[in-house]
Structure formats: structure tokens, C-alpha cells
Amino acid sequence: MRAFLASVFSLMILSCLNSCRESAQCRLSDECVYNPDATVFTVWAGEASDVELRLYDEPLGGEAETVKMRPVKDGFWQVGVRGDQQGRFYTFRTFSGGRWNLEAPGIFARAVGINGERAAVIDFEKTNPEAWDEDVRPPFGAPVVYELHHRDFYIHPSSGVAHPGKFLALTEPATLSPDGLATGISHLKELGVTHIQILPSFDYGSIDELTLDQGRYNWGYDPKNYNVPEGSYSSDPADPAVRIKEFKQMVQALHRAGLRVIMDVVYNHTYETEGCALGRIVPDYFYRHLPDGTLSNGSGCGNETASEKEMMRRFMVESVRYWVDEYHVDGFRFDLMGIHDIETMNAIRAALPDDILVYGEGWAASAPALPFGQLAMKANMAAIPGVGAFSDDIRDALVGSPFNSDPAFAAGAPLFKERLEAAIEGSRSWTGRPLQQICYVTCHDNYCLRDRLALSCPGASEEELLKMDKLAQTAILTAQGIPFIFAGEEVFRTKGGDENSYRSPDSVNAIDWHNKKVYNDLFRYYSALVHFRTEHPRFWPSLDGPDPEVTFLDAPEGVVYFRIDAADGSRLWVALNGSRRPVPVKAPESSFSIIVTDGLAGLDLPGTGGGTIRVEPLEALVLLQK
Ligand code: CA
């Protein structure tokens with residue numbers, strides 16, 4: 001055992017390592033500042049009257065060596081420990097309310113041991129992959145977001161990867177399915193998407209990192225350490241540096257392929273309340289409570305965090321900045337964003353460059369304990385410019401609400417025409433700008449598209465389901481907003497009717513890449529439309545505007561027909577036939593190119609002006625006039 005009391009030294013000596021005392025504000029993210037000669041530990045402990053650092057040689061078990069911390073200012077406590085502490089683990093313990101609280105890694109642990117039970121002291125310099133300082137963000141372009149889970153995307157043997165279910169799989173450049181078709185990064189390039197949204201990839205609690213051989217699955221919406229990558233996606237969760245380096249390698253490889261990376265962040269609740277760092281270091285502070293003192297549960301997971309409190313807000317702002325600076329992440333998807341307050345979301349927006357995408361779910365699982373007008377709900381999006389929200393409007397109009405199994409527009413139900421038109425125009429009733437609308441029909445939640453369509457149309461043939469699928473995504477990819485595709489929809493994935501597969505086995509969640517051959521016609525349709533979208537950005541909202549104009553044209557019942565006028569005078573016509581009969585629509589007056597017809601996309605067929613054009617049942621027509 002080392003003589004710790006002797007190795008603790010005056011903070012004055014450490015001024016070169018940590019400027020918390022001198023600076024206007026201590027930073028939560030400076031929790032553990034390593035130097036080979038000494039490491040400085042800093043933690044915010046609220047009203048605590050005593051705080052101690054506990055150092056260990058092991059990530060679990062073993063005996064703690066306790067070091068008393070000193071108050072610095074504003075509730076921050078600090079201590080410096082002499083000598084090279086690299087490879088050691090730590091927790092904090094606070095004394096408040098007349099008792100010692102249970103120890104926990106700091107709320108801003110940046111490295112952890114296995115299962116995230118203790119934070120780790122590491123040298124971050126050693127976690128950078130080769131040429132990391134040359135890593136650059138790909139151009140923002142015309143964003144098309146693709147949401148994937150590491151296991152869904154790569155765990156099926158047909159994915160052909162060497163690192164199934166791991167961060168490293170997204171570094172493999174040229175993987176193939178047994179049919180010889182591109183998978184992995186090559187598949188993403190072929191599809192043409194621009195932003196990859198990864199399901200929770202910070203350290204979460206539901207997968208035991210000690211028993212990874214059991215192959216358990218979870219979406220990961222159970223945050224444990226917000227500022228550390230998840231161990232189960234690393235090749236060695238026992239080595240705290242490995243998950244950090246491999247996450248960076250993933251970002252670097254995606255950037256080299258021209259793809260941006262969006263983190264799914266879940267600041268709205270914690271997996272445990274009394275068992276996690278936020279709940280232990282400063283009990284009660286970080287959560288909202290009901291008048292009777294019990295926890296408010298707007299997340300449906302047992303608690304909700306209190307972003308309106310100064311230190312929770314600072315925590316969130318510092319956290320997103322940290323992922324951008326340390327890991328070069330390019331955007332954030334906020335889980336249950338409606339639990340957070342408007343001021344915090346605006347602070348987050350202001351702390352990030354304009355081309356870092358920020359959007360989220362503009363709702364909560366149940367009413368949060370803060371007035372609705374203060375919350376980052378979809379209805380309040382105009383007060384949060386530059387932040388987007390998922391459009392349940394376009395989802396429900398196209399495929400139906402998750403709260404019933406009724407068919408909607410894409411499945412031939414005529415009732416949804418007006419709702420769909422409003423969404424196609426950019427949902428101006430709740431967006432300040434159409435760019436704030438995230439257009440999607442499916443995501444990890446609820447049924448995947450094939451299952452949803454099959455549920456709402458019992459007895460429909462596979463051919464009909466494929467038509468509906470194409471029709472729905474044509475609307476998504478031509479609407480005014482940011483299109484969002486759930487991984488595997490392009491190869492007609494099924495989850496076997498499992499609506500809430502958050503912990504279902506790989507057999508339910510894995511994408512079978514044989515589908516890419518079987519449904520190659522569908523894949524080519526998606527890919528052609530995505531490429532058309534990214535190659536013709538002028539028809540859709542961009543960061544700098546101006547927003548194009550949308551005009552709805554006369555069309556028979558069950559058909560949506562609109563024209564997009566770009567600022568340069570070019571025009572795009574889109575007809576969506578949500579009826580089960582062929583319909584004529586009026587053709588443009590002068591010559592045009594046919595981009596989509598008869599279930600085929602990416603065409604360039606000549607069309608002469610005047611007359612009418614036939615749109616087949618449950619199919620789309622897209623015409624371009626340059
Ligand atoms: Ca974990």
C-alpha cells in the first residue's frame with residue numbers, strides 16, 4: 001500500500017495543471033487531470049461538508065486508499081496526488097445530510113473500469129489513433145440520417161465483418177455479404193446517407209461487461225457514465241483506454257468515408273437513482289421531484305433529470321462539448337428531449353458550431369415536473385431555433401400511429417392527405433424553419449416498416465408491402481425537413497413483429513444481409529432516391545437557406561401532388577398515389593426528366609410538356625425540370 005497522505009501535496013504546486021482556482025468557473029469535465037508527475041481530482045459536491053477521494057488498484061474489489069479533499073469554491077472540491085497514477089481507479093464519497101453517501105465514480109468520469117463501477121486514471125494522449133489530429137469533419141452537405149445499433153448492423157454472420165457488434169466493425173473498409181454485396185461502411189456509401197446516428201454508445205448499465213460471451217442485447221437507454229464509451233462495444237472492456245481509442249477509430253474511419261457521426265444522448269434519466277454517480281455524489285440535486293418529495297418520472301424509467309438546475313445544465317453543455325472536442329462527434333440526438341428545458345437546449349445549441357446537428361424527441365414518456373411552456377417539447381420548437389424534433393406528424397400520416405394498428409396514407413387509407421401535406425411543407429405549425437423537422441416513418445422504437453405495414457394490412461402480398469414501403473420513403477425523402485432512415489429498412493428487414501425489441505435477442509434485431517440480394521430492387525430504389533436528394537440540395541432546407549417553396553397541385557382523392565420551386569428557378573414535381581387505383585396527374589407545361597416512375601428511381605427519362613401522366617396504385621412519380 002502506498003503512503004497516500006504523504007503523496008498528497010499542496011494545490012499551489014498544481015496551478016500549472018489545473019486552473020480551477022484561478023479561473024472564473026471550475027469545469028466538471030476537469031474531474032481527473034493526469035500528468036505523469038501528479039494527478040488532480042476535482043468534483044462538484046453541492047452542499048457536502050466533507051469529500052474524500054478513494055483510490056484503488058483494481059476496477060472492482062480491493063481496498064481503497066482514502067485521500068481527503070479540500071473545498072475550492074462554488075461547491076467544488078479538489079486534491080492533487082503526487083506520482084504517476086496512471087492505471088489506477090477512483091471514486092468519490094461525499095458527506096451530506098448527516099451521513100456518508102455511497103461512493104461513486106465522478107459525475108464527469110471520462111474513463112472507467114469494467115462495468116463503469118469506478119473511474120480510471122489514464123493518459124488521454126495515448127488514446128488517440130494514428131493521424132487523429134488530421135481528422136476532419138466531412139462537409140455537412142444535404143443531411144440524410146441513418147440510425148443504427150452496433151449489434152443490429154453487424155452481428156449477423158452475413159455482415160461479413162471481423163468485429164461483429166463492436167466499434168471496430170465500423171472501421172472495416174470493404175466488407176461483403178456471402179452474396180458478394182457490400183455491407184458495413186461500403187454499404188452506407190452505396191446507400192448514400194451522410195450522417196450515421198448510433199444508438200446509445202456511452203457507458204450504459206444493462207449489459208454485464210464481465211459476461212460478454214453470453215451475447216446479450218440491449219438498446220442501451222440506461223445511462224451509467226455519460227462521458228465514456230460503452231464497454232461491451234469495445235474489444236476489451238477491462239482496459240479503460242481501449243474503448244476510448246476504438247470509439248475514436250470508428251469516428252475517424254467514418255469521417256474518412258465522408259460520413260458524419262451523431263451520438264444518441266440520454267441525459268433525461270439515469271439507469272439507477274441511488275446507484276449512480278448523479279444520485280450518490282449530490283443526492284437528490286440532479287433530479288426533479290413531485291410536491292410529495294418522490295421522484296418525478298417523466299422518462300418512464302424511474303426518474304427524470306432537472307436540466308433547469310445550474311449544475312445539470314452545465315453538465316449537459318460540457319458533456320456535448322466534450323464529445324465534440326475529444327471524440328470529434330458531429331451531432332446529437334436527444335432522447336426524450338421534452339424532459340429538458342428550453343433554456344438548456346438553447347445553451348447547448350449556442351455551445352456548438354452551427355453544423356453540429358442537434359435534434360431530439362419533442363416529447364416525454366409522461367408529464368415532467370416542469371411547466372409545459374418551459375420544456376423542449378415539439379410544440380415549443382419555434383423557441384429553440386437550430387434544434388430539430390422528430391416529426392410524428394409525417395410518421396403517423398404515412399404509416400399510422402404507434403398507438404394503434406390502423407393503416408395510413410402509404411397503405412392506401414385516404415384519410416391522411418391533409419396531415420401529410422402539412423408535414424411535407426415542413427410542419428410550419430410547430431417549426432420555426434422546416435430544417436427543424438426530422439422526417440421519418442420508423443426508428444428503433446416501435447415496429448420496423450415492413451412489420452408495421454404488414455400489421456396494418458393483413459393479407460397484403462409482399463409485392464404490395466414493397467410498394468407501400470417505397471411510397472412511404474419517397475415522401476420522407478422529398479419532404480421539407482431532414483430525412484431519417486432506420487438501418488435495414490433499405491433491405492426490407494423484419495423484427496418478426498417485435499414492437500419493443502430493446503432487449504430481444506440478436507435473432508430478432510440482427511439485420512440479415514442476405515436480404516440485400518433478395519430485395520435488391522428495394523435497396524436500389526432507396527439508394528437512388530438518397531443520392532438524388534444529396535445531389536440536388538436546392539430543393540430542400542439547408543443551414544443557410546433560403547427555404548424552397550412548396551405548392552400543392554390538384555390531384556384526385558388519396559393522392560398528394562406537389563411542386564418544389566428552388567431558388568435557382570429549377571422545379572421538382574412529386575406525386576404520391578396513396579390510393580389503390582391508377583390516377584392521372586397533370587404534367588408540367590414544358591419538357592422535364594422523369595426521375596421516379598413504375599417503382600423505379602434514379603431514372604432520367606425524357607418527358608414532353610403538357611397532358612397527363614399516369615401514376616400507378618401505391619406508387620410515386622418524381623419529375624425534374626432543371
Ligand atoms: Ca457498460
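## Cysteines

C276 is buried at a relative accessible area of 6%, where buried means under 20% relative accessible area, exposed over 50%, and partly exposed in between (1.4 Å probe, protein chains only). The closest cysteine sulfur to that of C276 is in C301, 13 Å away and too far for a bond. C448 is also buried, at 0% relative accessibility. Its sulfur lies 11 Å from the closest cysteine sulfur, in C443, again too far for a bond. The count of disulfides (pairs of cysteine sulfur atoms within 2.5 Å) is zero.

## Basis of the values

This is a predicted model, in which local features need pLDDT of at least 70 and side-chain atom pairs count only at pLDDT 80 or more, while totals for chains, interfaces and linings use all residues. Residues are numbered from 1 along each chain as its sequence is written, and side-chain values use heavy atoms, with hydrogens and water left out.

## Calcium site

The calcium ion has the protein donors D203 (OD), Y204 (O), E209 (OE) and E230 (OE), at 2.2 to 2.4 Å. Donors are N, O and S atoms within 2.8 Å of the metal (3.2 Å for Na, K and Ca); water is not among the atoms, so sites may look incomplete.

Along the chain, the donors follow the spacing D-Y-x4-E-x20-E. Y204 belongs to strand β13 (residues 202-204) and E230 to the loop between β14 (223-229) and α4 (240-256), so this pair ties together parts 26 residues apart in sequence. Helices (H or I, at least four residues) and strands (E, at least two) are DSSP runs, numbered from the N terminus. Both Y204 and E230 are buried.

## Salt bridges

The whole structure contains 38 salt bridges, each defined as a side-chain nitrogen of Lys or Arg within 4 Å of a carboxyl oxygen of Asp or Glu. One of them joins the side chains of E52 and R93, at 2.8 Å from N to O. This pair links distant parts of the chain, with E52 in strand β4 (residues 50-56) and R93 in strand β8 (residues 89-96), 41 residues apart. E52 is buried at 8%, whereas R93 is partly exposed at 23%.

R288 and E304 form another salt bridge, at 2.9 Å from N to O. Both residues lie in the loop between α5 (277-281) and α6 (310-327), 16 residues apart, and both are buried. D565 and R563 meet at 2.7 Å, N to O; D565 is buried at 18% relative accessibility, and R563 is buried at 16%. Elsewhere, salt bridges that share partners connect E52, R54, R93 and E103 in one network.
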